[in-house]
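I am opening my notebook on a new chain. I want to see how its parts are arranged and how they meet.

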Amino acid sequence: MSMIRLTVEETNLLSIYNEGGKRGLIENVNAALPYMDADMRELAQRTLAKVDALTEEEYAELALYAADEV
């Protein structure tokens, strides 16, 4: 399994919008995009690209890992 590397900022973004698994996270971030400034939008889009590449199983492990690190 290839685990992606997330920056602290990306991990924080995930922890804010992580709800309802991978699909819920993607929906939450996409819903927030219009309200973000340019820098935040770029971070969110980069994070979504990484999350999108994960399987549900990898995402679940990632979410647990991020929660343990906070």
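Accessible areas come from the Shrake-Rupley method with a 1.4 Å probe. I looked up the total for this chain, keeping in mind that the model is predicted. The accessible surface of the protein chain comes to about 4700 Å². Carbon and sulfur atoms hold 52% of that surface.

Next I checked burial. The protein chain has 70 residues, and 31% of them count as buried.

Then I turned to secondary structure. I found four helices and zero strands in the protein chain. Along the sequence the pattern reads α-α-α-α.

I also looked at contacts along the chain.

How do H2 and H3 cross? Helix H2 covers residues 21–32, and helix H3 covers residues 38–52. Their axes come within 11 Å and cross at roughly 160°. Angles over 145 degrees count as roughly antiparallel, so H2 is roughly antiparallel to H3. I noted the hand of the crossing too: it is left-handed.

Which residues of H2 and H3 meet? From H2, I listed Lys-22, Leu-25, Ile-26, Val-29 and Asn-30. From H3, I listed Ala-44, Leu-48, Val-51 and Asp-52. I sorted this contact of H2 with H3 by class: six residues are nonpolar, one is polar and two are charged.

Technical notes: Residues are numbered from 1 along each chain as its sequence is written. This is a predicted model: local features need pLDDT of at least 70, side-chain atom pairs count only at pLDDT 80 or more; totals for chains, interfaces and linings use all residues. Side-chain values use heavy atoms; hydrogens and water are left out. Axes are lines fitted to C-alpha atoms, for helices over the stretch in contact, and angles run from 0 to 180 degrees between N-to-C directions. Helices (H or I, at least four residues) and strands (E, at least two) are DSSP runs, numbered from the N terminus. Angles under 35 degrees count as roughly parallel, over 145 as roughly antiparallel, 65 to 115 as roughly perpendicular and the rest as oblique. A crossing is left-handed if the near helix is turned anticlockwise from the far one by less than a right angle, and right-handed if clockwise. Contact means heavy atoms within 4.5 Å. Ala, Val, Leu, Ile, Met, Phe, Trp, Tyr, Cys and Pro count as nonpolar, Asp, Glu, Lys and Arg as charged, and the others, Gly among them, as polar. Buried means under 20% relative accessible area, exposed over 50%, partly exposed in between (1.4 Å probe, protein chains only).
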